[in-house]
Amino acid sequence: MVKGSVRAPEIDRPGLQWFNVQRPLSLKDLQGKIVLLDFWTFCCINCIHLLPTLAILEEAFPEEIVVIGVHSPKFDAEKDTDALRHAIARYGITHPVIQDTEHELWQQYAIRAWPTLTFIAPDGTVIGQTSGEPSPEKLLRFVADLLQAAADGEQLVPSPLPLVPYTAATGTFAFPGKLRRIPGTALWALADAGHHQIALLDEDGAVVRRLGSGEQGFDDGTAEDASFNRPQGLACAEGAIYVADTGNHAIRRIDLQSGVVTTFAGTGKRGPILTDVQAINTVALASPWDLAVAGEAIYFANAGTHQIGVIDLFAETVFAIAGSGHENLVDGPALDAALAQPSGLALSPDHSTLYFADSETSSIRALGLREPRMVSTLVGTGLFEFGHENGPFAEARLQHALGVDLLEDGSLIVADSYNGALRVLDLASGVAGDLDDGDYNCTDPVCIPAAEPAGVTVAEDGRIFLVDTNNHRVLVYHPESRTYRTWAA
C-alpha cells in the first residue's frame, strides 16, 4: 500500500455519469466515511477478480465505508452507457459507479493501471493507494485498521448510503457464454452465466433441462442441488459436459446420465501462475474461460493468469502448455510466449493446432500442439491496438474478441465481441472480413444488432450459432440462404 495525506480531488465533476445512485455524490456527502475508489474497466479480468472482495468489505462495514467504482474504459466499446449498465448487472455491482470516459478522475488521481484502489479518509484526504489484486485478507485488515484509526480520532460518522442498484431485464437466459453440441445427441449445452446454470437445448432452441440450482455457489451434487458461479465455457464429450466455472476458478464435470456435478479441477479460490505439473485434485486455477477436449486431454483458457493449460485425464495431472503468465502479445516458444486473457478455444480437426481468442490484445492466435510447441499471432498487434478493420491479417483489427471456431472450409469464424460482429479469417488467403457484409437478411419480426457476443460455434451442417450475450439470446446463421434469426431466447 502506498500511503500519503493529501486532499482528494473532487469526484463530483460536470459531465460524469453515475450509476446505482439517484444523484452524483461529492466528497462532502461522504464525510465521516472511509471511501474506496476502485478504478476499473469491465474487460479487465483482474478488476473482475477484485469485485467479490469489495463485496465482502461492503457487507462487513455497510455504514462505515463507501466503495465507488470509477470506470475508466480501455476499449471504445466500454465507453458506451448501455454496455457499462450491462456490465454492472452482469457482475452484480451494487455500489455507485462513475463513468470516467475521458479518464478525468484517472488523471487527477494519478492512476497507472487497472485495477487501482485509492483510499480516502473521513476528512477527505488520500491515505493510501494500491494497484493489482491485493490479498483479500490483507485488504480486510487494512480497511479495519483505517476504520479503527478513524474511530479513535472521532472522525467516523456511520450512516447508510441510499443506493438504487441497476438490474438488467433478461429472460430465459442471462448473459450467456459459450454454446456447444453434445456428441451423439440432438442436444446443445449453453453456459447460462447470469443464471449460474448450464441449459440443455433441443434443435429448436427450446430448453429441455437445466443443470444447477440457479443459486450462485460452489456445491457438487445432483443437477438440482449443485451450484455454479457465472460459468462461461463448455466442452462436451461422450456422456459428460466439462464446465469452465469461471467465477469459482474451477472446472466442473456433469455426468449426462445421472446429472451429477463434480469438481474436476480447481479449489474455488483464485490460483497463481501455472508452472509445474500438479495433481488434478489440488491445482488452483484462475478464471478458466473456455475448454476444448481432444481424446485424453482437456485444454483450458486460464484467463486469470494469461495462460493455456491442459488436463491429462489419464495421468490426472494439470500443467501449463502456453503462456509465461505475463500479460502481453509475444510470440515464440509456447511457455515463453505472452498471452492476454485467452477467452475462446477451437481445435483444428487433426488436433495439431489450438486457435484461441486472446481478448485483451484483440487478437486471434495459434498454438501448435506438436513439438516444438510455438505460439503465433494471426490477427492483432498489442494490448492497446484494436478496431474494426478488414483486409490482410497484418492490417486487420478486432476489438476484444471472445470466441472462435472453424468453418467447413477451414477458415476461422470469430465472435468479435466489442464490435458486435462475426468476422471470418481466411487462413488460406490471409485476409479477414465480416461474415455479414450486408447480404445476410434477418428474419426476426424485430431485428436488433448483436451486443457483446461471447461465443460462436459451427454445426456439422454448416449453421453458425452466435451467443448474443447482452441480448440474452442465441442467433443462428444459415449460409446457404444468407439469413439469420433468433434461435433461442
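Student: Let's start with a turn. In the hairpin of β19 and β20, which residue takes a positive phi near 60 degrees?

Tutor: Keep in mind that we're reading a predicted model. As for phi, most residues other than glycine have a negative value. Here Glu316 takes a positive phi near 60 degrees, in a hairpin with four residues between the strands.

Student: How do β19 and β20 line up, and how many bridges join them?

Tutor: They run antiparallel, and five bridges join β19 to β20, which covers residues 317-322.

Student: Why is β19 said to be largely enclosed by the rest of the structure?

Tutor: Think about how much of a residue can be reached from outside: under 20% relative accessible area counts as buried. Strand β19, residues 307-312, has five of its six residues buried, so it is largely enclosed by the rest of the structure.

Student: What about strand β29, and how many of its six residues are buried?

Tutor: Five of the six, so β29 (residues 421-426) is largely enclosed by the rest of the structure. When you look at a strand like this, recall that in a regular strand the side chains alternate between the two faces of the sheet.

Student: Which strands pair with β29 in the antiparallel sense?

Tutor: Strand β28, residues 412-416, pairs with β29 over five bridges, and Val414 stands opposite Arg423 in β29. Strand β30, residues 431-434, pairs with β29 over four bridges, and the bridge partner of Leu425 there is Ala432. In the turns, Gly420 takes a positive phi near 60 degrees in the hairpin of β28 and β29, while Gly430 has one near 70 degrees in the hairpin of β29 and β30.

Student: Where does His400 lie, given its positive phi of about 55 degrees?

Tutor: His400 is in the loop between β26 and β27. At 4% relative accessibility, His400 counts as buried. His472 counts as buried because its relative accessibility is 7%.

Student: Now peptide bonds. Which residues does the cis bond with omega of about -20 degrees join?

Tutor: The general idea is that most peptide bonds are trans. Here a cis bond joins Trp114 and Pro115, with Pro115 in the loop between α3 and β6. Another cis bond runs from Glu371 to Pro372, with omega near -5 degrees. Pro372 belongs to the loop between β24 and β25.

Student: Which side chain joins that of Arg90 in a polar contact of 3.2 Å?

Tutor: The side chain of Glu452. Beyond its neighbours within four places in sequence, Arg90 is in contact with Phe175, Arg230, Glu452, Thr469 and Asn470.

Conventions:
Residues numbered from 1 in each chain as written. Predicted model: local features only at pLDDT ≥ 70, side-chain atom pairs only at ≥ 80, totals over all residues. Heavy atoms only, no water. Polar contact = N/O pair within 3.5 Å; in protein donor to acceptor, adjacent residues only side chain to side chain. Contact = heavy atoms within 4.5 Å. Helix = DSSP H or I, 4+ residues; strand = E, 2+ residues; numbered from the N terminus. Buried < 20%, exposed > 50% of the residue type's maximum accessible area, 1.4 Å probe, protein only. Pairing = 2+ DSSP bridges.
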